[in-house]
Amino acid sequence: MAGAVGGTGGSGWTWRPVARDPLLARAFHSCTELRGRFYLVGGLLARGAREPSSDTVVFDPAEGQAVRVGARGGPRRSHHDAAPVGGRWLCVVGGWDGSRRLATVSALDTERGVWEAWTAAPGSCPPAGLSSHTCTHLSDRELRVAGREGGTRTQRRYGSIYTLMLDPGARTYCYKEEGYHTVSRSGHCAALLQSPGPHPGHQLLLFGGCNSAEPEVAGHWSHGKIKAFSLPQGGTTCCPPFDGTACKSREQWAGVPAGASRTPASLMFCGWALCCAVWWRNSD
């Protein structure tokens, strides 16, 4: 695992190793930040492996240590994606279980240390099966899913976009297919960015995963739907090494509503401080 360190005087960025541990050696897994720690779920643990792993590893950058989570019943997954929800759950969406592609949601309750299989709510219209897709956190009740649906033989020339609604209290989820499509992509990246203009909104851009060299918009939100705050100088907030107290004080200064859903827009290491642009989603 490596971190990017910002230079001074326009010298740019350099990469340096921050951890070397056999527990981190895997591919086609998910790596998600939650409460200042990184959760690695599943993936393929060896070259040529066909059976996904079901283990979960937590890497604490402050300690520089990786440990395997003892929670049982973890989903056997690769080519999936995961998103933090409510500062408590790690939701694993879709992926390959060794025999088929899934569109289900499994969640690790980090407070209780147990895995939960959430159930589809009535009216859910799930994809045929997801792999090598992206799952972007918009709020603690709303994710945006884009990418491969179905197997390679059934791939269409376009990709569907889904809104995945979550109800953490009921442990349920509901897929809704959006009325527009993108080109067919897999193994791509997604980034939620602020759009330019006097009243900036936000747009979700997809990069790579197909023959096209151009990014593609997979969602747009008008001004005020998704908000962010920054320092008075215009930079992102900088917290001491994974100390939530400083983050909370800056959120209060910026007027972030109490209990608002937060989406880490970008995470990077500046020395050993976590620099985080924090977004929150207004309730519709």
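# Reading the strands and rings of a predicted model

Author: Gly113 takes a positive phi near 70 degrees in the hairpin of β9 and β10, which has 4 residues between the strands. The model under discussion is a predicted one.

Reader: What phi does Gly98 take in the hairpin of β8 and β9?

Author: Gly98 has a positive phi near 105 degrees, and its hairpin has 4 residues between the strands.

Reader: Which residues other than glycine have a positive phi?

Author: Arg35 is one of them, with phi near 55 degrees. His79 is another, at about 55 degrees. Such values deserve mention because most residues other than glycine have a negative phi. Arg35 is found in the loop between β3 (30-34) and β4 (37-41), while His79 lies in the loop between β6 (65-68) and β7 (81-85).

Reader: Why is Arg35 called exposed?

Author: Its relative accessibility is 56%. The term exposed requires a value over 50%, so Arg35 qualifies.

Reader: What makes β8 and β9 a pair of strands?

Author: The criterion is at least two bridges between them. β8 and β9 have 7 bridges, in the antiparallel sense, so they count as paired.

Reader: How many bridges join β9 to β10?

Author: There are 4 bridges, and the two strands run antiparallel. Asp109 has Val114 in β10 as its bridge partner.

Reader: What makes β9 a mostly covered strand?

Author: Of the 9 residues in β9 (residues 101-109), 7 are buried. A residue is buried when its relative accessible area is under 20%.

Reader: Why is strand β17 described as largely enclosed?

Author: In β17 (residues 202-207), 5 of the 6 residues are buried, so the rest of the structure largely encloses this strand.

Reader: Which strands pair with β17, and in what sense?

Author: Strand β16 (residues 189-194) pairs with β17 in the antiparallel sense over 6 bridges. Strand β18 (residues 216-221) also pairs with β17 in the antiparallel sense, over 4 bridges. Within these pairings, Leu193 has Gln203 in β17 as its bridge partner, and His202 has Trp221 in β18.

Reader: What is the order of the open sheet of 5 strands?

Author: The order is β11-β15-β14-β13-β12, and the pairing is mixed.

Reader: Why are β11 and β12 called edge strands?

Author: Strands β11 (119-120) and β12 (134-139) each pair on one side only. In the sheet, β14 (residues 158-167) and β15 (residues 172-183) run antiparallel and are joined by 9 bridges. Leu164 stands opposite Tyr175 in β15.

Reader: How many aromatic pairs are there?

Author: The count comes to 3 aromatic pairs.

Reader: What makes Trp89 and Trp118 an edge-to-face pair?

Author: A pair of aromatic rings is described by the distance of the centres and the angle of the planes. The ring centres of Trp89 and Trp118 are 6.2 Å apart, against a limit of 6.5 Å for pairing. Their planes stand at 75 degrees, and edge-to-face requires over 60, so the pair is edge-to-face. Trp89 lies in β8 (residues 89-96) and Trp118 in the loop between β10 (114-117) and β11, so the pair ties together parts 29 residues apart in sequence. Both Trp89 and Trp118 are buried.

Reader: What are the values for the pair of Tyr162 and Tyr175?

Author: The distance is 6.0 Å centre to centre and the angle is 90 degrees between the planes, which makes this aromatic pair edge-to-face. Tyr162 in strand β14 and Tyr175 in strand β15 are 13 residues apart, and the pair links distant parts of the chain. Tyr162 and Tyr175 are both buried. Tyr162, Tyr173 and Tyr175 form one aromatic cluster.

Reader: What is the average pLDDT of the protein?

Author: The average pLDDT is 79, and 73% of the residues score at least 70. Among the elements of the protein, β11 has the highest mean pLDDT (98) and strand β20 (residues 237-239) the lowest (33).

Reader: Where does pLDDT stay under 50?

Author: One such stretch is residues 229-256, for which the model has 44 contacts beyond four places in sequence. Residues 261-284 also have pLDDT below 50, and this stretch has 94 contacts in the model beyond near neighbours in sequence.

Methods: Residues are numbered from 1 along each chain as its sequence is written. This is a predicted model: local features need pLDDT of at least 70, side-chain atom pairs count only at pLDDT 80 or more; totals for chains, interfaces and linings use all residues. Side-chain values use heavy atoms; hydrogens and water are left out. Buried means under 20% relative accessible area, exposed over 50%, partly exposed in between (1.4 Å probe, protein chains only). pLDDT is the predictor's confidence in each residue, from 0 to 100. Contact means heavy atoms within 4.5 Å. Rings of Phe, Tyr and Trp (its six-membered ring) pair if their centres lie within 6.5 Å; planes under 30 degrees apart count as stacked, over 60 as edge-to-face and the rest as tilted.
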